[in-house]
Amino acid sequence: KLEIDQLKASPFQTHLTVGRVALTSPGNPMENLLEFSNGHLRLDRNALFRKKVIITEGRLNEIRLGATRQVPSEVGEIPAPKPVESRLLNDRLEGMGEKIVGGMTSFLTKRFDENFETVRFSKEMMDRWRGEYQVLMGQAKKAEQRVREIRNLSLALRENPLNTLRDLPRIEQAVRDSQTIKVDLNQIKQALRRHRVQMAKDRGEIVSTKNRDLQRIREIQVSGKLNGQTLSQLMVGKIHGRRVDQAIGWIRWLRTHFPHPEKSLETLRDRGQTIRFPGIIEEPDFLVRNLSLGGYAEIDERSFEFTGALVGLTTQPRRYGKPTYLHLQSTGDIGFNLKGMVDRTGDINRDRIIFHIPALQIAEQTVDVDQRVGLRIGKTRLEIRGRIELAGEQLTGKVTTVQTGVSMEMLSALDGRMASDFIGTVNGELASLRKFETTAHLSGSLDRPSWKLSSDLGPQLAEVFNGTLAEVYASKKNLLRSKLNHQTEEVISELGNLL
(Lines give C-alpha, C1' and ligand atoms only; values in the text may rest on other atoms or scores of the structure.)
Protein backbone atom coordinates (compact mmCIF):
# COMPACT_ATOMS: atom_id res chain seq x y z
CA LYS A 1 0.00 0.00 0.00
CA LEU A 2 1.32 3.42 -1.00
CA GLU A 3 0.32 6.45 1.08
CA ILE A 4 0.94 10.02 -0.11
CA ASP A 5 -0.02 12.83 2.22
CA GLN A 6 0.39 15.69 -0.25
CA LEU A 7 1.19 16.19 -3.92
CA LYS A 8 1.83 19.49 -5.70
CA ALA A 9 2.55 19.69 -9.40
CA SER A 10 3.65 22.61 -11.58
CA PRO A 11 3.01 21.58 -15.19
CA PHE A 12 4.65 24.66 -16.66
CA GLN A 13 7.84 24.45 -14.62
CA THR A 14 7.67 20.63 -14.52
CA HIS A 15 8.26 20.55 -10.77
CA LEU A 16 6.68 17.95 -8.53
CA THR A 17 6.59 18.27 -4.73
CA VAL A 18 5.34 15.47 -2.51
CA GLY A 19 4.69 15.41 1.23
CA ARG A 20 5.11 12.38 3.45
CA VAL A 21 5.14 9.12 1.48
CA ALA A 22 4.95 5.65 3.04
CA LEU A 23 5.14 2.28 1.26
CA THR A 24 4.04 -0.67 3.41
CA SER A 25 6.32 -3.70 3.61
CA PRO A 26 4.87 -6.82 1.98
CA GLY A 27 3.56 -9.22 4.59
CA ASN A 28 4.01 -6.81 7.52
CA PRO A 29 1.22 -4.20 7.94
CA MET A 30 3.06 -2.68 10.92
CA GLU A 31 6.21 -1.79 8.97
CA ASN A 32 6.97 0.55 6.11
CA LEU A 33 9.36 -0.68 3.50
CA LEU A 34 10.20 2.92 2.65
CA GLU A 35 9.05 6.30 3.87
CA PHE A 36 10.26 9.87 3.52
CA SER A 37 8.98 13.20 4.81
CA ASN A 38 9.09 15.18 1.55
CA GLY A 39 10.50 15.16 -1.95
CA HIS A 40 11.21 17.55 -4.78
CA LEU A 41 11.40 16.27 -8.35
CA ARG A 42 12.17 17.91 -11.70
CA LEU A 43 10.64 16.23 -14.76
CA ASP A 44 11.67 16.20 -18.42
CA ARG A 45 8.98 18.32 -20.16
CA ASN A 46 9.53 16.84 -23.60
CA ALA A 47 9.23 13.33 -22.23
CA LEU A 48 5.87 14.20 -20.67
CA PHE A 49 4.54 15.05 -24.12
CA ARG A 50 5.49 11.49 -25.13
CA LYS A 51 3.69 10.12 -22.04
CA LYS A 52 6.95 9.27 -20.32
CA VAL A 53 7.97 10.19 -16.80
CA ILE A 54 11.67 10.99 -16.68
CA ILE A 55 12.99 12.56 -13.48
CA THR A 56 16.08 14.49 -14.42
CA GLU A 57 16.96 15.40 -10.85
CA GLY A 58 15.38 15.51 -7.45
CA ARG A 59 15.75 14.93 -3.73
CA LEU A 60 14.03 12.81 -1.10
CA ASN A 61 14.47 13.92 2.52
CA GLU A 62 14.34 12.09 5.86
CA ILE A 63 14.17 8.63 4.33
CA ARG A 64 13.61 5.74 6.71
CA LEU A 65 13.80 2.07 5.84
CA GLY A 66 11.83 -0.47 7.82
CA ALA A 67 10.16 2.11 10.07
CA THR A 68 7.46 0.90 12.45
CA ARG A 69 3.92 2.10 11.73
CA GLN A 70 1.61 3.48 14.42
CA VAL A 71 -1.48 2.08 12.70
CA PRO A 72 -1.50 -1.14 10.68
CA SER A 73 -1.86 -0.73 6.96
CA GLU A 74 -5.04 -2.03 5.38
CA VAL A 75 -3.53 -4.40 2.90
CA GLY A 76 -4.53 -7.85 1.81
CA GLU A 77 -2.97 -10.93 3.35
CA ILE A 78 0.46 -11.20 1.79
CA PRO A 79 2.73 -13.87 3.22
CA ALA A 80 5.83 -12.34 4.74
CA PRO A 81 9.12 -13.70 3.46
CA LYS A 82 10.62 -16.25 5.79
CA PRO A 83 13.74 -15.02 7.54
CA VAL A 84 16.83 -16.72 6.18
CA GLU A 85 19.99 -17.20 8.21
CA SER A 86 23.25 -18.01 6.57
CA ARG A 87 24.85 -21.36 7.32
CA LEU A 88 28.39 -21.49 8.64
CA LEU A 89 30.28 -24.19 6.76
CA ASN A 90 32.60 -24.69 9.76
CA ASP A 91 29.65 -25.89 11.87
CA ARG A 92 30.85 -29.48 11.83
CA LEU A 93 33.91 -28.33 13.76
CA GLU A 94 31.98 -26.40 16.39
CA GLY A 95 31.27 -29.38 18.63
CA MET A 96 34.90 -30.41 18.60
CA GLY A 97 36.02 -26.85 19.29
CA GLU A 98 33.69 -26.45 22.26
CA LYS A 99 34.72 -29.86 23.56
CA ILE A 100 38.41 -29.00 23.47
CA VAL A 101 38.01 -25.46 24.79
CA GLY A 102 35.32 -26.48 27.26
CA GLY A 103 37.81 -28.87 28.82
CA MET A 104 40.01 -26.00 29.94
CA THR A 105 38.82 -26.42 33.52
CA SER A 106 39.71 -30.10 33.53
CA PHE A 107 43.17 -29.28 32.18
CA LEU A 108 43.81 -26.72 34.91
CA THR A 109 42.35 -28.72 37.80
CA LYS A 110 43.81 -32.10 36.86
CA ARG A 111 45.07 -34.12 39.79
CA PHE A 112 48.37 -35.77 38.99
CA ASP A 113 49.12 -39.23 40.38
CA GLU A 114 51.83 -38.63 42.96
CA ASN A 115 51.65 -42.17 44.36
CA PHE A 116 55.02 -43.08 42.90
CA GLU A 117 56.07 -46.69 42.56
CA THR A 118 59.37 -45.68 44.17
CA VAL A 119 57.60 -44.48 47.29
CA ARG A 120 55.44 -47.59 47.56
CA PHE A 121 58.40 -49.92 47.05
CA SER A 122 60.57 -47.91 49.45
CA LYS A 123 57.90 -48.03 52.16
CA GLU A 124 57.50 -51.79 51.82
CA MET A 125 61.27 -52.24 51.77
CA MET A 126 61.87 -50.02 54.80
CA ASP A 127 59.14 -51.79 56.75
CA ARG A 128 60.86 -55.09 55.94
CA TRP A 129 64.30 -53.76 56.82
CA ARG A 130 63.07 -52.29 60.10
CA GLY A 131 61.75 -55.73 61.00
CA GLU A 132 65.04 -57.37 59.99
CA TYR A 133 66.91 -54.76 62.00
CA GLN A 134 64.83 -55.40 65.11
CA VAL A 135 65.36 -59.16 64.81
CA LEU A 136 69.12 -58.74 64.32
CA MET A 137 69.36 -56.24 67.18
CA GLY A 138 67.44 -58.63 69.42
CA GLN A 139 69.86 -61.45 68.65
CA ALA A 140 72.86 -59.18 69.22
CA LYS A 141 71.53 -57.93 72.54
CA LYS A 142 70.93 -61.45 73.77
CA ALA A 143 74.45 -62.45 72.79
CA GLU A 144 75.82 -59.32 74.44
CA GLN A 145 73.95 -60.08 77.65
CA ARG A 146 75.26 -63.64 77.78
CA VAL A 147 78.83 -62.49 77.08
CA ARG A 148 78.51 -59.96 79.90
CA GLU A 149 77.37 -62.67 82.29
CA ILE A 150 80.37 -64.92 81.40
CA ARG A 151 82.76 -61.96 81.80
CA ASN A 152 81.33 -61.11 85.19
CA LEU A 153 81.71 -64.79 86.30
CA SER A 154 85.32 -64.83 85.12
CA LEU A 155 86.14 -61.66 87.03
CA ALA A 156 84.54 -63.05 90.19
CA LEU A 157 86.63 -66.26 90.02
CA ARG A 158 89.82 -64.27 89.54
CA GLU A 159 89.12 -62.25 92.63
CA ASN A 160 88.20 -65.31 94.77
CA PRO A 161 89.51 -68.61 93.34
CA LEU A 162 88.18 -70.49 96.36
CA ASN A 163 84.65 -70.04 95.02
CA THR A 164 85.45 -72.11 91.94
CA LEU A 165 84.22 -75.28 93.48
CA ARG A 166 81.04 -73.60 94.62
CA ASP A 167 80.35 -72.03 91.23
CA LEU A 168 81.27 -75.12 89.24
CA PRO A 169 77.75 -75.59 87.81
CA ARG A 170 77.75 -71.96 86.63
CA ILE A 171 81.21 -72.43 85.12
CA GLU A 172 80.09 -75.49 83.21
CA GLN A 173 77.03 -73.56 81.91
CA ALA A 174 79.23 -70.64 80.90
CA VAL A 175 81.49 -72.95 78.90
CA ARG A 176 78.47 -74.36 77.08
CA ASP A 177 77.10 -70.81 76.52
CA SER A 178 80.40 -69.62 75.11
CA GLN A 179 80.18 -72.25 72.41
CA THR A 180 76.60 -71.24 71.63
CA ILE A 181 77.56 -67.56 71.60
CA LYS A 182 80.29 -68.25 69.05
CA VAL A 183 77.72 -69.93 66.82
CA ASP A 184 75.24 -67.03 67.29
CA LEU A 185 77.90 -64.40 66.59
CA ASN A 186 78.92 -66.25 63.46
CA GLN A 187 75.25 -66.32 62.34
CA ILE A 188 74.97 -62.58 63.01
CA LYS A 189 78.07 -61.96 60.90
CA GLN A 190 76.65 -64.07 58.09
CA ALA A 191 73.32 -62.21 58.38
CA LEU A 192 75.13 -58.89 58.15
CA ARG A 193 76.89 -60.03 54.99
CA ARG A 194 73.57 -61.14 53.48
CA HIS A 195 71.96 -57.84 54.49
CA ARG A 196 74.75 -55.85 52.85
CA VAL A 197 74.26 -57.77 49.60
CA GLN A 198 70.47 -57.44 49.81
CA MET A 199 70.69 -53.72 50.61
CA ALA A 200 72.80 -53.18 47.50
CA LYS A 201 70.16 -55.01 45.47
CA ASP A 202 67.38 -53.00 47.08
CA ARG A 203 69.24 -49.78 46.42
CA GLY A 204 69.49 -50.77 42.76
CA GLU A 205 65.77 -51.62 42.69
CA ILE A 206 64.99 -48.19 44.15
CA VAL A 207 66.94 -46.59 41.31
CA SER A 208 65.07 -48.76 38.77
CA THR A 209 61.63 -47.86 40.18
CA LYS A 210 62.69 -44.21 40.27
CA ASN A 211 63.61 -44.37 36.58
CA ARG A 212 60.22 -45.89 35.79
CA ASP A 213 58.51 -43.10 37.73
CA LEU A 214 60.58 -40.51 35.88
CA GLN A 215 59.49 -42.03 32.58
CA ARG A 216 55.83 -41.78 33.62
CA ILE A 217 56.39 -38.15 34.54
CA ARG A 218 57.95 -37.51 31.12
CA GLU A 219 54.87 -39.04 29.49
CA ILE A 220 52.52 -36.58 31.21
CA GLN A 221 51.15 -34.20 28.59
CA VAL A 222 48.05 -32.17 27.71
CA SER A 223 45.44 -34.61 26.42
CA GLY A 224 44.34 -32.27 23.60
CA LYS A 225 45.39 -29.07 21.88
CA LEU A 226 43.16 -26.14 21.10
CA ASN A 227 42.56 -25.73 17.37
CA GLY A 228 42.84 -22.19 16.02
CA GLN A 229 40.00 -22.52 13.52
CA THR A 230 37.50 -23.92 15.98
CA LEU A 231 38.59 -21.38 18.59
CA SER A 232 37.93 -18.56 16.07
CA GLN A 233 34.45 -19.94 15.48
CA LEU A 234 33.76 -20.11 19.19
CA MET A 235 35.01 -16.55 19.79
CA VAL A 236 33.64 -14.61 16.80
CA GLY A 237 31.48 -17.01 14.79
CA LYS A 238 28.06 -15.93 16.10
CA ILE A 239 28.62 -12.18 16.14
CA HIS A 240 30.27 -12.23 12.70
CA GLY A 241 27.38 -14.35 11.44
CA ARG A 242 24.94 -11.59 12.41
CA ARG A 243 26.96 -9.07 10.41
CA VAL A 244 27.05 -11.42 7.43
CA ASP A 245 23.27 -11.89 7.61
CA GLN A 246 22.80 -8.12 7.74
CA ALA A 247 24.99 -7.62 4.66
CA ILE A 248 23.17 -10.40 2.80
CA GLY A 249 19.94 -8.66 3.79
CA TRP A 250 21.07 -5.52 1.95
CA ILE A 251 21.63 -7.32 -1.34
CA ARG A 252 18.41 -9.31 -0.80
CA TRP A 253 16.62 -5.97 -0.51
CA LEU A 254 18.07 -4.86 -3.85
CA ARG A 255 17.10 -8.12 -5.56
CA THR A 256 13.56 -8.09 -4.11
CA HIS A 257 12.52 -4.47 -4.51
CA PHE A 258 14.23 -3.14 -7.61
CA PRO A 259 12.36 -3.58 -10.91
CA HIS A 260 12.73 -6.77 -12.91
CA PRO A 261 12.18 -7.04 -16.68
CA GLU A 262 9.36 -9.50 -16.12
CA LYS A 263 7.73 -7.04 -13.69
CA SER A 264 7.72 -3.99 -15.92
CA LEU A 265 5.63 -1.04 -14.77
CA GLU A 266 4.99 0.35 -18.27
CA THR A 267 2.27 2.98 -18.50
CA LEU A 268 -0.96 2.23 -20.25
CA ARG A 269 -0.90 3.59 -23.78
CA ASP A 270 -3.60 4.76 -26.15
CA ARG A 271 -4.39 2.89 -29.29
CA GLY A 272 -2.14 3.65 -32.16
CA GLN A 273 1.36 3.02 -33.38
CA THR A 274 4.49 4.94 -32.54
CA ILE A 275 6.85 5.42 -35.45
CA ARG A 276 10.42 6.36 -34.49
CA PHE A 277 12.91 7.93 -36.82
CA PRO A 278 16.19 6.10 -37.45
CA GLY A 279 18.90 6.90 -34.87
CA ILE A 280 16.42 7.90 -32.20
CA ILE A 281 16.94 5.85 -29.00
CA GLU A 282 13.76 4.82 -27.33
CA GLU A 283 13.71 5.85 -23.69
CA PRO A 284 11.94 3.99 -20.92
CA ASP A 285 8.45 5.03 -19.88
CA PHE A 286 9.76 5.74 -16.39
CA LEU A 287 13.33 6.75 -15.54
CA VAL A 288 15.12 8.43 -12.66
CA ARG A 289 18.31 9.94 -13.98
CA ASN A 290 19.62 11.34 -10.69
CA LEU A 291 17.94 11.46 -7.32
CA SER A 292 19.63 12.78 -4.17
CA LEU A 293 18.81 11.00 -0.95
CA GLY A 294 18.96 11.88 2.71
CA GLY A 295 17.71 9.93 5.70
CA TYR A 296 18.38 7.57 8.55
CA ALA A 297 19.47 3.93 8.78
CA GLU A 298 20.70 1.48 11.39
CA ILE A 299 23.81 -0.68 11.75
CA ASP A 300 24.52 -2.91 14.74
CA GLU A 301 21.42 -1.42 16.39
CA ARG A 302 22.88 2.11 16.05
CA SER A 303 21.14 4.79 14.04
CA PHE A 304 23.02 7.16 11.78
CA GLU A 305 22.23 9.83 9.22
CA PHE A 306 23.14 9.31 5.59
CA THR A 307 23.17 11.07 2.24
CA GLY A 308 23.39 9.51 -1.18
CA ALA A 309 22.24 9.29 -4.75
CA LEU A 310 20.17 6.96 -6.92
CA VAL A 311 21.04 6.91 -10.62
CA GLY A 312 19.36 5.12 -13.51
CA LEU A 313 16.28 3.67 -11.82
CA THR A 314 13.77 2.52 -14.42
CA THR A 315 10.89 0.12 -14.89
CA GLN A 316 12.33 -0.98 -18.25
CA PRO A 317 16.02 -1.72 -17.62
CA ARG A 318 16.55 -3.60 -20.89
CA ARG A 319 15.26 -0.68 -22.91
CA TYR A 320 17.44 1.70 -20.85
CA GLY A 321 20.45 -0.59 -21.29
CA LYS A 322 22.31 0.55 -18.16
CA PRO A 323 22.45 -0.67 -14.56
CA THR A 324 20.96 1.23 -11.66
CA TYR A 325 23.45 2.62 -9.16
CA LEU A 326 22.90 3.46 -5.51
CA HIS A 327 25.42 5.31 -3.36
CA LEU A 328 24.95 6.00 0.36
CA GLN A 329 27.42 7.55 2.74
CA SER A 330 27.66 8.96 6.23
CA THR A 331 30.36 10.89 8.02
CA GLY A 332 28.84 11.09 11.51
CA ASP A 333 29.68 8.94 14.52
CA ILE A 334 29.29 5.91 12.26
CA GLY A 335 31.20 6.49 9.05
CA PHE A 336 29.51 4.49 6.32
CA ASN A 337 29.92 4.09 2.59
CA LEU A 338 27.82 1.77 0.42
CA LYS A 339 27.78 1.40 -3.35
CA GLY A 340 25.09 -0.74 -4.89
CA MET A 341 24.56 -1.85 -8.48
CA VAL A 342 21.42 -3.44 -9.90
CA ASP A 343 21.71 -4.78 -13.46
CA ARG A 344 18.56 -6.05 -15.15
CA THR A 345 19.73 -5.43 -18.71
CA GLY A 346 20.71 -9.00 -19.60
CA ASP A 347 19.39 -12.51 -19.35
CA ILE A 348 20.93 -12.89 -15.87
CA ASN A 349 19.96 -10.53 -13.09
CA ARG A 350 23.03 -9.15 -11.36
CA ASP A 351 23.33 -7.27 -8.08
CA ARG A 352 26.37 -6.00 -6.24
CA ILE A 353 27.08 -4.08 -3.06
CA ILE A 354 30.41 -2.74 -1.86
CA PHE A 355 30.45 -1.28 1.63
CA HIS A 356 32.95 0.11 4.12
CA ILE A 357 32.43 1.14 7.74
CA PRO A 358 35.80 2.52 8.89
CA ALA A 359 35.17 2.84 12.62
CA LEU A 360 32.60 1.32 14.95
CA GLN A 361 33.10 1.42 18.70
CA ILE A 362 32.40 -2.02 20.16
CA ALA A 363 31.45 -2.29 23.83
CA GLU A 364 33.19 -4.61 26.27
CA GLN A 365 32.06 -8.22 26.08
CA THR A 366 32.78 -11.51 27.81
CA VAL A 367 32.92 -14.85 26.04
CA ASP A 368 32.48 -17.98 28.17
CA VAL A 369 35.15 -20.54 27.37
CA ASP A 370 33.43 -22.93 29.74
CA GLN A 371 31.47 -22.68 33.00
CA ARG A 372 34.43 -21.52 35.09
CA VAL A 373 36.72 -19.86 32.54
CA GLY A 374 35.94 -16.82 30.39
CA LEU A 375 37.65 -14.28 28.17
CA ARG A 376 36.88 -10.58 28.55
CA ILE A 377 37.41 -8.36 25.49
CA GLY A 378 37.54 -4.65 26.30
CA LYS A 379 36.21 -1.81 24.17
CA THR A 380 37.61 -2.03 20.66
CA ARG A 381 37.49 -0.20 17.36
CA LEU A 382 35.91 -2.18 14.51
CA GLU A 383 36.33 -1.71 10.76
CA ILE A 384 33.97 -3.55 8.40
CA ARG A 385 34.38 -3.88 4.66
CA GLY A 386 32.76 -6.18 2.18
CA ARG A 387 31.81 -6.94 -1.39
CA ILE A 388 28.85 -9.19 -2.19
CA GLU A 389 27.65 -10.14 -5.68
CA LEU A 390 24.57 -11.99 -6.84
CA ALA A 391 24.54 -13.37 -10.38
CA GLY A 392 21.26 -15.11 -11.02
CA GLU A 393 20.89 -17.17 -7.86
CA GLN A 394 24.62 -17.59 -7.21
CA LEU A 395 25.90 -15.67 -4.19
CA THR A 396 29.60 -14.79 -3.85
CA GLY A 397 31.71 -12.31 -1.94
CA LYS A 398 33.29 -11.75 1.43
CA VAL A 399 32.78 -9.66 4.56
CA THR A 400 35.87 -8.70 6.57
CA THR A 401 36.14 -7.11 10.00
CA VAL A 402 39.30 -5.75 11.61
CA GLN A 403 39.34 -5.04 15.34
CA THR A 404 42.10 -2.81 16.69
CA GLY A 405 42.97 -1.50 20.12
CA VAL A 406 42.10 -4.91 21.51
CA SER A 407 42.58 -5.67 25.20
CA MET A 408 41.90 -9.20 26.44
CA GLU A 409 41.89 -10.74 29.88
CA MET A 410 41.21 -14.31 30.93
CA LEU A 411 38.82 -14.69 33.86
CA SER A 412 38.74 -17.74 36.09
CA ALA A 413 36.97 -19.01 39.19
CA LEU A 414 39.43 -21.89 39.55
CA ASP A 415 41.55 -22.57 42.63
CA GLY A 416 44.97 -24.10 42.74
CA ARG A 417 48.50 -23.12 41.86
CA MET A 418 48.45 -24.56 38.36
CA ALA A 419 45.31 -22.62 37.37
CA SER A 420 46.72 -19.46 38.95
CA ASP A 421 50.03 -19.83 37.08
CA PHE A 422 48.19 -20.48 33.81
CA ILE A 423 45.87 -17.46 34.09
CA GLY A 424 48.73 -15.15 35.07
CA THR A 425 50.94 -16.26 32.17
CA VAL A 426 48.08 -16.12 29.63
CA ASN A 427 47.10 -12.58 30.62
CA GLY A 428 50.70 -11.52 30.28
CA GLU A 429 50.82 -12.97 26.75
CA LEU A 430 47.42 -11.52 25.79
CA ALA A 431 48.70 -8.01 26.49
CA SER A 432 50.53 -8.14 23.14
CA LEU A 433 47.42 -9.20 21.18
CA ARG A 434 46.12 -5.82 19.97
CA LYS A 435 44.52 -6.63 16.62
CA PHE A 436 42.71 -9.42 14.83
CA GLU A 437 40.94 -9.87 11.50
CA THR A 438 37.95 -12.01 10.59
CA THR A 439 36.67 -12.81 7.09
CA ALA A 440 33.55 -14.60 5.90
CA HIS A 441 33.72 -16.09 2.39
CA LEU A 442 30.18 -16.30 0.98
CA SER A 443 28.65 -18.92 -1.28
CA GLY A 444 25.30 -20.55 -1.97
CA SER A 445 22.17 -18.61 -2.86
CA LEU A 446 19.85 -16.04 -1.29
CA ASP A 447 17.53 -18.82 -0.16
CA ARG A 448 20.39 -20.92 1.22
CA PRO A 449 23.36 -18.63 1.87
CA SER A 450 26.46 -20.14 3.43
CA TRP A 451 29.86 -18.86 4.43
CA LYS A 452 33.20 -20.04 5.68
CA LEU A 453 34.96 -18.34 8.55
CA SER A 454 38.64 -17.51 8.69
CA SER A 455 40.25 -15.44 11.43
CA ASP A 456 43.69 -14.92 12.91
CA LEU A 457 42.21 -14.52 16.40
CA GLY A 458 41.81 -18.25 17.00
CA PRO A 459 45.36 -19.16 15.94
CA GLN A 460 46.78 -16.38 18.12
CA LEU A 461 44.77 -17.53 21.14
CA ALA A 462 45.56 -21.18 20.45
CA GLU A 463 49.28 -20.38 20.36
CA VAL A 464 49.05 -18.59 23.72
CA PHE A 465 46.83 -21.23 25.37
CA ASN A 466 48.70 -24.25 24.05
CA GLY A 467 52.11 -22.76 24.81
CA THR A 468 51.10 -21.75 28.33
CA LEU A 469 49.49 -25.12 29.04
CA ALA A 470 52.70 -26.80 27.92
CA GLU A 471 54.74 -24.52 30.22
CA VAL A 472 52.41 -25.13 33.18
CA TYR A 473 52.53 -28.88 32.66
CA ALA A 474 56.32 -28.74 32.30
CA SER A 475 56.55 -26.83 35.59
CA LYS A 476 54.31 -29.38 37.28
CA LYS A 477 56.45 -32.21 35.92
CA ASN A 478 59.58 -30.51 37.30
CA LEU A 479 57.92 -30.32 40.72
CA LEU A 480 57.03 -34.00 40.53
CA ARG A 481 60.61 -34.86 39.59
CA SER A 482 61.96 -32.79 42.48
CA LYS A 483 59.57 -34.45 44.91
CA LEU A 484 60.50 -37.90 43.64
CA ASN A 485 64.23 -37.19 43.89
CA HIS A 486 63.85 -35.85 47.44
CA GLN A 487 61.82 -38.85 48.60
CA THR A 488 64.29 -41.26 47.00
CA GLU A 489 67.28 -39.58 48.63
CA GLU A 490 65.56 -39.77 52.01
CA VAL A 491 64.96 -43.51 51.63
CA ILE A 492 68.54 -44.24 50.50
CA SER A 493 69.89 -42.13 53.39
CA GLU A 494 67.75 -43.99 55.93
CA LEU A 495 68.79 -47.28 54.41
CA GLY A 496 72.46 -46.28 54.82
CA ASN A 497 71.84 -45.34 58.44
CA LEU A 498 70.30 -48.78 59.09
CA LEU A 499 73.30 -50.42 57.48
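I start with Asp 343, which is buried (under 20% relative accessible area, 1.4 Å probe, protein chains only) yet has no salt bridge. A salt bridge here is a side-chain nitrogen of Lys or Arg within 4 Å of a carboxyl oxygen of Asp or Glu. The nearest side chain of opposite charge, Arg 350, is 5.5 Å away; Lys and Arg count as positive, Asp and Glu as negative, and His and the chain ends are not counted.

This is a predicted model, in which local features need pLDDT of at least 70 and side-chain atom pairs count only at pLDDT 80 or more, while totals for chains, interfaces and linings use all residues. Residues are numbered from 1 along each chain as its sequence is written, and side-chain values use heavy atoms, with hydrogens and water left out.

What does the side chain of Asp 343 make a polar contact with? The partner is the side chain of Thr 345, at 2.5 Å; for such a pair, N or O atoms lie within 3.5 Å, one able to donate a hydrogen and the other to accept it, and residues adjacent in sequence count only if both atoms are side-chain atoms. Leaving out residues up to four places away in sequence, Asp 343 touches Pro 323, Ile 348, Asn 349 and Arg 350 (heavy atoms within 4.5 Å).

Next, the sheet. Three strands form an open sheet in the order S16-S17-S20, with antiparallel pairing; strands are DSSP runs of E, at least two residues, numbered from the N terminus, and two of them pair if DSSP finds at least two bridges between them. S17 (residues 373–377) is joined to S20 by five bridges. Within that pair, Leu 375 stands opposite Met 410 in S20.

Conventions:
Buried means under 20% relative accessible area, exposed over 50%, partly exposed in between (1.4 Å probe, protein chains only). Helices (H or I, at least four residues) and strands (E, at least two) are DSSP runs, numbered from the N terminus.
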